[in-house]
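Here is a colleague's note for a first look at this structure. Keep the sequence and the 3D view open as you read the points.

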Number of protein chains: 2
Amino acid sequence: MNNHLENLTILKLGGSVITDKSIQNQADTKTIQRIAKEISRISIASTPLILVHGGGSFGHPIASLYQIHKGLHSSSQKIGFSKTRSAMSNLNKIVVDIFLGEDIPVVSVQPSACTITSSGRVKHMDLEPTRSLLQFGFVPILHGDAVIDLAQGIAILSGDQIVTYLAKELPVKKVIFGTNVDGLLDLNKKLIPKVNNENFETLFMFAKESVASDVTGGMLGKLKEIEPLMKEGVETIILNAKKPGIIEEVLKGKEVVGTYFTQR
Amino acid sequence: MNNHLENLTILKLGGSVITDKSIQNQADTKTIQRIAKEISRISIASTPLILVHGGGSFGHPIASLYQIHKGLHSSSQKIGFSKTRSAMSNLNKIVVDIFLGEDIPVVSVQPSACTITSSGRVKHMDLEPTRSLLQFGFVPILHGDAVIDLAQGIAILSGDQIVTYLAKELPVKKVIFGTNVDGLLDLNKKLIPKVNNENFETLFMFAKESVASDVTGGMLGKLKEIEPLMKEGVETIILNAKKPGIIEEVLKGKEVVGTYFTQR
């Protein structure tokens, strides 16, 4: 058992990291495999971990086709809602199987089975299973999902929002957003290495959505989720998870290339 | 939207119905397909439905190998626990995809994401997502699963127990247990058509486990789950779901071959 959660870390793996966004339902199994190997070299006992992944070319095209993020307006969206959930479960299964192959005790936790949103924001999320899994030394793995929404019927719950919610409700020390870019880039595509309360507002004004069609809001959505984390003092890092070795390094506490969000 | 839940029915599809129990990870897709077609001819608006399925040759061999039902005693069981959940998700995916193919708005709800047991019995189950799905006219689909247990670390949550729990907490009118036998059989393998409070105890004494190695307790386990339903007046039927047409008939309210459990 592991009640030692003081180093609790959330690693978000973006859809752009674990899938090929240009081909529907195409997982980037090589990258997932490499990241799994890197995590297998971390001691889960000393760095308890929650994994969250995005939808990439599994969740996004189908959610977008059926306009799930806009709420339930027609009966045909019901099948689209189910298909979005099914697509996300399929991607989750690929990730889980690869991680289990590396003997990492990952346990899938389907967010839509324990979450209700209202106007797209988490209204209720049952965290008991996730909390208990952590205490027993498992690595819970959650993912962006299509959920029931009290105000609009159905909604998209982004992996990014799950991260923020978990970081607010659990004693999380560090949050790592693995993306396919080095971090937050300025208008000249140059990396912004440090963000804090002082320069956040200015940066936010200039942030552009990384993928305009993304139902979860791209980089702009990510920044909105990161703001409260930063203000609450949870160390948050955006990095390029496509780079070999970076996940292992950042989990071992080394300084890596990326954007670090800190209070000051 | 569908707030008209007075005919709420739970259909349990046993692992012996939807999988080939003799071949590991072999789904009986023909039977699942046939049952999906039968359900597609039912009006979900007038007969709201919850589906629950068992583990069969997906969940049982792996759960049994790692002795998940006996609790967490060694670190190697952790991977077995994850693998059991993964196997159940795989079977669930097959069922969901076939049902979606028949335009039934099934929505997978992973029980382990919202349930904690204590000594193998449900201690806590977040029913909000399931309840909301029903209200919006979806067909929630749950399944037997491996869950975190407060007393023993890990446990098996059988599909049968999920059925009983849901029937207790939701306004369920009818429960149908689809198995691969005609119903409860006497020692001469003859069908017992009616069971009530008066003859239950006697029958229970003679009930034999249908599959000795079954981690969820076979027919004896099923009877233990049915007893409180019967006493609370929920009409409960055990029938042979391998028989073409029987699911459609029973859902349409026709009398079918099977064992009917009623209060009197």
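1. Start with a sheet in chain B. Four strands form an open sheet in the order β5-β4-β7-β8 (chain B), and the pairing is mixed. Its edge strands are β5 (121–125) and β8 (153–157) of chain B, each of which pairs on one side only. From one strand to the next, the twist averages 45 degrees. Remember throughout that this is a predicted model.

2. Now look at one pair in that sheet. Strand β4 (residues 115–118) of chain B pairs with β5(B) in the antiparallel sense, over four bridges. As background, strands of a sheet pair through backbone hydrogen bonds, either parallel or antiparallel.

3. What lies in the loop between β4 and β5 of chain B? B:S119 does. Its phi is near 50 degrees, a positive value in a residue other than glycine. A:S119 lies in the loop between β4 (115–118) and β5 (121–125) of chain A. A:S119 has a positive phi of about 50 degrees although it is not a glycine. Why remark on this? Most residues other than glycine have a negative phi.

4. Helix α5 of chain A lies across β4, β5 and β7 (145–149) of chain B. The helix α5(A) runs at about 60 degrees to β4(B). Within chain A, helix α5 (residues 128–135) also lies across β2 (49–53), β3 and β6 of chain A. There, α5(A) runs at about 150 degrees to β6(A).

5. The strands just named in chain A belong to an open sheet of eight strands. The order is β3-β6-β2-β1-β9-β11-β12-β10 (chain A), with mixed pairing. At the edges are β3 (106–108) and β10 (194–195) of chain A, each pairing on one side only. Follow β3(A) to its partner. It runs parallel to strand β6 (residues 139–143) of chain A, and three bridges join the two. A:S108 has A:I141 as its bridge partner in β6(A).

6. How are the two chains related?

7. Turn to helix packing in chain B. Helix α3 (residues 56–65) and α4(B) pack at an angle of about 175 degrees, with their axes 8 Å apart. That makes α3(B) roughly antiparallel to α4(B). On the α3(B) side, B:F58, B:G59, B:I62 and B:A63 make the contact. They meet residues of α4(B) including B:G80, B:K83, B:A87, B:L91 and B:I94. By class, the residues of this contact are seven nonpolar, four polar and one charged.

8. Helix α2 (residues 29–40) of chain B meets helix α4 (residues 76–101) of chain B at an angle of about 45 degrees, their axes 9 Å apart. The two helices, α2(B) and α4(B), are therefore oblique to each other. Their crossing is right-handed. B:I32, B:I35 and B:I39 are among the α2(B) residues in this contact, and B:V95, B:I98 and B:F99 are among those from α4(B). The contact of α2(B) with α4(B) divides into eight nonpolar residues, two polar and no charged.

9. Check the corresponding helices in chain A. Helix α2 (residues 29–40) of chain A and helix α4 (residues 76–101) of chain A pack at about 45 degrees, with axes 9 Å apart. The crossing of α2(A) and α4(A) is right-handed. Residues in the contact include A:T29 and A:Q33 of α2(A), and A:I94 of α4(A). The classes are eight nonpolar, two polar and no charged residues.

10. Finish with one residue, B:E227. Its place is in helix α8 (residues 218–231) of chain B. Leaving aside neighbours within four places in sequence, B:E227 is in contact with B:F200 and B:E201. B:D182 is 45 residues away along the chain, and the C-alpha atoms of B:E227 and B:D182 are separated by 19 Å.

Methods: Residues are numbered from 1 along each chain as its sequence is written. Chains are lettered from A and ligands numbered from 1 in the order in which they are written. This is a predicted model: local features need pLDDT of at least 70, side-chain atom pairs count only at pLDDT 80 or more; totals for chains, interfaces and linings use all residues. Side-chain values use heavy atoms; hydrogens and water are left out. Two strands pair if DSSP finds at least two bridges between them. Contact means heavy atoms within 4.5 Å. Axes are lines fitted to C-alpha atoms, for helices over the stretch in contact, and angles run from 0 to 180 degrees between N-to-C directions. Angles under 35 degrees count as roughly parallel, over 145 as roughly antiparallel, 65 to 115 as roughly perpendicular and the rest as oblique. A crossing is left-handed if the near helix is turned anticlockwise from the far one by less than a right angle, and right-handed if clockwise. Ala, Val, Leu, Ile, Met, Phe, Trp, Tyr, Cys and Pro count as nonpolar, Asp, Glu, Lys and Arg as charged, and the others, Gly among them, as polar.
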